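Work through the exercises below with the structure open. Each task is followed by a stepwise solution.

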Amino acid sequence: MQLQDLLPLMSKMYLSRTVDSFLKDVKLYEEDEMRNIILKNIEEFRNDKRVKSNLNFRTTDRDITLLNRLILKCLLGSQNYILTEKQLHKEVLDLQSQILHDSQDEDYMNAKIDATAGRVYTAVLNTAWLKDDALNEHEINILYTLRDEFNLSIRDHYLLESKIGRFPRKNGKLHSTQNIDQSLKDLQQRGIVVRIKSDAPYYVIPSDIVRIVRYEMGEELRTETYQQLLKDLNLTQLKQVLSSMNINTSGVKEAIIERIIKYNILPSQTLANLSNTELTQFLRSKEGVRISGNKEEKIQNIIDYYENITTKADSDPTDERSIYYDFMDQLASRNYKALRANRVIQKDVNVETYFEQATEYLFEKKLGLQLEEMPGSKHADGRIKFDTKSVMLWDNKSTEKSYTFPNAHFDQFLGYIRSEKMRVAVFLIVAHDFTQEAINQAQKLKVFSEQDTGVALIRTEDLKYIAEHWKEYSEQKKPEFNLQVFNLTAEMNRQLLTNRMEWIIN
């Protein structure tokens, strides 16, 4: 979920933490003010430098740092990067217990960490921990340097700390749920994690910043998705991965995959065992993926491909259009890689048709509106009665870049409006984004319509927001959607739509 979709589910305290994370010296006291200022500054929240800077824990309290990393690992491994508070507490403590258990398994440790690297790193760790119960900044920097030199991961560091009785805390003592809550507060104040409440408290990494967080934390793929990648490799290739690390290669394919996951071998490490030719052949078996580049680039292309794979089921298995609704944003922006990876399309030409069907589903099933039949082929993509004397038309425009509203489309839309027997109260254009020129063209179309037609431009993400949340703005037991929400000549951004729903839907 994007941050703008999470804001309505955040209360004052948690909104305040998010505001403070990227807008300094801003003092607000009302929830709506906080939501508005976050929306106005959303690009600053998404800024790569801000996110990366706030993921630097080198000068942070050791326990907070450790728990921050474990919390983020759990969230990044969850479906949609969200967990209830209860689930998160359990998963963090389970992860600590698992690391403690693995550190006591000599076979596991011998296969996981090079003997020389383990001996030297452990000696430095012991020295660093001898003098007191904390590591200073200088010692932390030395350990970072050593990890880079020996190619040790942060998990390897925790395993070796556990061996000397310093993980998670002294003598292997687990952290408390109160400790975890302190780290959750720290992550909120950094603008990395937000807290929402519906039936229970949830913590989530907004999808706006997930990719940055994933790569900064070294979490290349979710386990579920990584398993799919491993299944697509052959048995010889999988055994080669384990053999390169002197890990047992016996067993069937499922056992080999389980072992690769158990030893925390990263996707990039797995793929590095393939030859350049094998990587090229593997890429050629995946539609919509760039094949050219050096070995490192090919590995990244494969990881990026699988990063788009999701196991999400259709939101409404009773209607085949629901899968198109689920991927409406990707259809609107012609994100072919994601659409192919998720098996939404088989051919590129399907995109426009499926985008139209997604919008039909939204109006019919999500907004509860009756769609009107349109004879012939030269007409808008959809028609709905606005009132007894007028209608609303809509048209979908699927484009990789922001929609510019070219003159050819202007003439096309004007023809649709003038050929209608009933007055067109609203003409709605649905796209993933709009240029300033498109907004100017909308104003012009309103004038040329000669019937005061409202020409509204709406992004797919905002139209879907309305579809999911409009009932929250009604006090009726059986609410009905009011098309007046769209009756305006403007670019209908989230704030404008929210304001209109507040006074139109009742």
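**Exercise 1.** Which residues in α18 meet which residues in α19?

Solution. The model is predicted.
- Step 1: locate the helices. α18 covers residues 276-284 and α19 covers residues 295-307.
- Step 2: list the contacts. From α18 come Asn276, Leu279, Thr280, Phe282 and Leu283; they meet Lys295, Lys298, Ile299, Asn301, Ile302 and Tyr306 of α19.
- Step 3: sort by class. The contact has six nonpolar, three polar and two charged residues.
- Step 4: take the geometry. The two axes come within 10 Å and cross at roughly 30°. Angles under 35 degrees count as roughly parallel, so α18 and α19 are roughly parallel to each other. Their crossing is left-handed.

**Exercise 2.** Describe the largest nonpolar core and the contacts of leucine 88.

Solution. 
- Step 1: The core holds 93 residues, and Leu72, Leu88, Ile205, Val213 and Ile260 touch the most other members.
- Step 2: find the main contributor. Helix α6 (residues 62-76) gives the most, with eight residues.
- Step 3: inspect leucine 88. Setting aside neighbours within four places in sequence, leucine 88 contacts Ile71, Cys74, Leu75, Leu83, Leu184 and Tyr203.
- Step 4: look further. Another core of 45 residues lies apart, with Val351, Leu367, Trp470 and Val485 among them.

**Exercise 3.** Asparagine 171 and arginine 334 have positive phi. Is each buried or exposed?

Solution. 
- Step 1: asparagine 171 has phi of about 65° and sits in the loop between α11 and α12. Its relative accessible area is 69%, so asparagine 171 is exposed.
- Step 2: arginine 334 has phi of about 55° and sits in the loop between α21 and α22. Its relative accessible area is 17%, so arginine 334 is buried.

Notes. Residues are numbered from 1 along each chain as its sequence is written. This is a predicted model: local features need pLDDT of at least 70, side-chain atom pairs count only at pLDDT 80 or more; totals for chains, interfaces and linings use all residues. Side-chain values use heavy atoms; hydrogens and water are left out. Axes are lines fitted to C-alpha atoms, for helices over the stretch in contact, and angles run from 0 to 180 degrees between N-to-C directions. Helices (H or I, at least four residues) and strands (E, at least two) are DSSP runs, numbered from the N terminus. Angles under 35 degrees count as roughly parallel, over 145 as roughly antiparallel, 65 to 115 as roughly perpendicular and the rest as oblique. A crossing is left-handed if the near helix is turned anticlockwise from the far one by less than a right angle, and right-handed if clockwise. Contact means heavy atoms within 4.5 Å. Ala, Val, Leu, Ile, Met, Phe, Trp, Tyr, Cys and Pro count as nonpolar, Asp, Glu, Lys and Arg as charged, and the others, Gly among them, as polar. A nonpolar core is a set of buried Ala, Val, Leu, Ile, Met, Phe, Trp, Tyr and Cys residues joined through side-chain atoms within 4.5 Å. Buried means under 20% relative accessible area, exposed over 50%, partly exposed in between (1.4 Å probe, protein chains only).
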